[in-house]
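Please keep the sequence and the model in view while reading the points.

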Amino acid sequence: MTARILNGAKIRDSIMEELGEQIRDLKTAGITPGLAAVLVGENPASQIYVRSKVKTCESLGLHSEKIEWPADTSTERLLGLVDDLNRRAEIDGILVQLPLPPQVDSKAVLEAVSPAKDVDGFHPVNIGNLVSGRLGLVPCTPAGIIEILRRSGITMQGARAVIIGRSDIVGKPVAMLLLHNHATVTICHSRTRDLPAVAREADILVAAIGKPAFVTGEFIKPGAAVIDVGINRLTTEEEVRRIFHAPAAALEKLQSKGSVLVGDVQPEDVQEKAGAYTPVPGGVGPLTIAMLMANTVQAARLRRGIPSAKSAGR
Ligand code: NDP
């Protein structure tokens with residue numbers, strides 16, 4: 001059996017197109033949704049993420065502001081900045097890029113963001129909204145996973161869904177969203193007993209672990225939909241040989257690019273056993289920024305009491 005590839009880039013493109021239309025409508029009504037991205041320090045990966053978020057805003061016609069502060073910024077100053085952004089009418093979404101430098105109390109900063117502008121969906125109020133099924137702002141990667149399933153015609157209602165990973169930003173919120181979509185949900189973690197057997201019960205298997213190719217063929221029920229959230233970079237020939245059964249193409253990539261990206265799911269096994277799967281790269285990754293944009297538009301609507309198109313991931 002050859003599994004269907006769930007193409008995240010294609011799904012992202014159609015979401016962006018729909019968002020473009022919604023933004024044009026809002027602009028006709030005199031509203032330009034705005035996002036402020038706060039970057040503290042010089043983490044190169046964070047710089048790339050923030051740049052690409054701001055660029056995506058621009059391409060959609062959203063107002064965006066990039067606020068870059070030095071690595072030695074104090075918690076107090078950051079709280080002052082967040083307070084200022086909370087008050088500014090033209091800012092609908094505030095994104096504080098993580099990780100923050102070690103001297104900053106990240107939790108205090110994230111909790112200072114007004115829940116109405118919390119486009120990452122990390123504020124306890126939004127977590128409460130998510131759990132109780134109220135309209136709110138939903139974390140971006142989990143919302144993107146639901147969009148992939150829904151837009152690929154994968155039935156969630158009544159399905160057995162198993163999630164490996166219980167983090168606050170992926171595992172727990174995706175479990176809640178699957179539950180709201182009427183799946184029967186099991187959350188697994190590092191203490192789960194006989195994990196492969198639990199995973200094999202899944203019609204929908206979500207891997208959010210952070211360990212390259214951890215999920216092998218023995219975890220996958222034939223025909224299951226497998227969503228691979230992991231992003232792991234392999235940089236040595238030894239790692240590539242350990243992970244790939246037929247490593248030739250990956251070794252070539254390692255030589256030409258210096259690294260090979262793999263998810264938390266063994267890429268050859270999933271092709272063979274699953275019914276459908278998200279590849280890495282090109283699966284879940286592309287949806288995350290699209291859902292951030294969707295949340296910014298949603299925040300602009302909610303703040304003004306304009307009926308929402310639909311809450312992301314619901
Ligand atoms: P965390 O490190 O916060 O959580 C990992 C989870 O995996 C934990 O719940 C942990 O269990 C579980 N786990 C670790 N080892 C095992 C094991 N041996 N058996 C079973 N469970 C295990 O990771 P995140 O949720 O933040 O991210 C997961 C992956 O997704 C990472 O690769 C990350 O890079 C990627 N990611 C991708 C995004 C995207 O846009 N595509 C966005 C966000 C993350 P326990 O709680 O017991 O320790």
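The numbered points below concern a predicted model, and they take up its domains, pocket, ligand, cavity and backbone in turn.

1. Domains. The domain assignment of the protein chain gives two entries: domain 1 covers 29-119 and domain 2 covers 141-286. Between the C-alpha centres of domain 1 and domain 2 there is a distance of 30 Å.

2. Position of the largest pocket.

3. The largest pocket holds about 1,300 Å³ of space. Its lining comprises 46 residues, of which Tyr49, Thr141, Ile231, Gly285 and Thr288 are the closest to the pocket centre. Two or more lining residues come from each of α1 (8-28), α2 (44-60), β4 (93-96), α6 (140-151) and α12 (285-304). The greatest contribution is that of α2, which supplies 7 residues. Sorted by class, the lining contains 27 nonpolar, 13 polar and 6 charged residues.

4. The shell around the ligand. There are 22 residues around the ligand, and those that come nearest are Arg166, Ser167, Ser190, Lys211 and Thr288. By class, the shell is made up of 10 nonpolar, 10 polar and 2 charged residues.

5. Polar atoms facing the ligand. In Ser167, a polar side-chain atom lies 2.6 Å from an oxygen atom of the ligand. Ile231 takes part through its backbone, where an N or O atom lies 3.2 Å from a ligand oxygen atom. On its own the ligand has 930 Å² of accessible area, and the protein covers 70% of this.

6. The cavity. The structure holds 1 cavity of 30 Å³ or more, and the volume of the largest cavity is about 50 Å³. Its lining consists of Ile94, Val96, Leu110, Val113, Asp118, Asp120, Phe122 and His123. These divide into 5 nonpolar, 1 polar and 2 charged residues.

7. Cis peptide bonds. Most peptide bonds are trans, and two sites deserve a check for that reason. Leu98 and Pro99 are joined by a cis peptide bond, with omega about 0°; Pro99 belongs to the loop between β4 and α4 (106-112). A cis peptide bond also joins Val280 to Pro281, again with omega about 0°, and Pro281 is in the loop between β11 (276-277) and α12.

8. Positive phi values. Most residues other than glycine have a negative phi. His182, however, has a positive phi near 70° and sits in the loop between α7 (171-180) and β6 (184-188). Asp194 is not a glycine either, yet its phi is positive at about 50°; Asp194 is found in the loop between β6 and α8 (195-199).

Methods
Residues numbered from 1 in each chain as written. Predicted model: local features only at pLDDT ≥ 70, side-chain atom pairs only at ≥ 80, totals over all residues. Heavy atoms only, no water. Near = heavy atom within 4 Å. Polar contact = N/O pair within 3.5 Å; in protein donor to acceptor, adjacent residues only side chain to side chain. Areas by Shrake-Rupley, 256 points an atom, 1.4 Å probe, with all protein chains shown as cover. Nonpolar A, V, L, I, M, F, W, Y, C, P; charged D, E, K, R; others polar. 1 Å grid on protein atoms, 1.4 Å probe; cavity = no way out; pocket = protein on both sides within 12 Å on 5 of 7 lines; lining within 4 Å. Points joined across faces, edges and corners; volume = space filled by probe spheres on them. Helix = DSSP H or I, 4+ residues; strand = E, 2+ residues; numbered from the N terminus. Domains from an automatic or database assignment.
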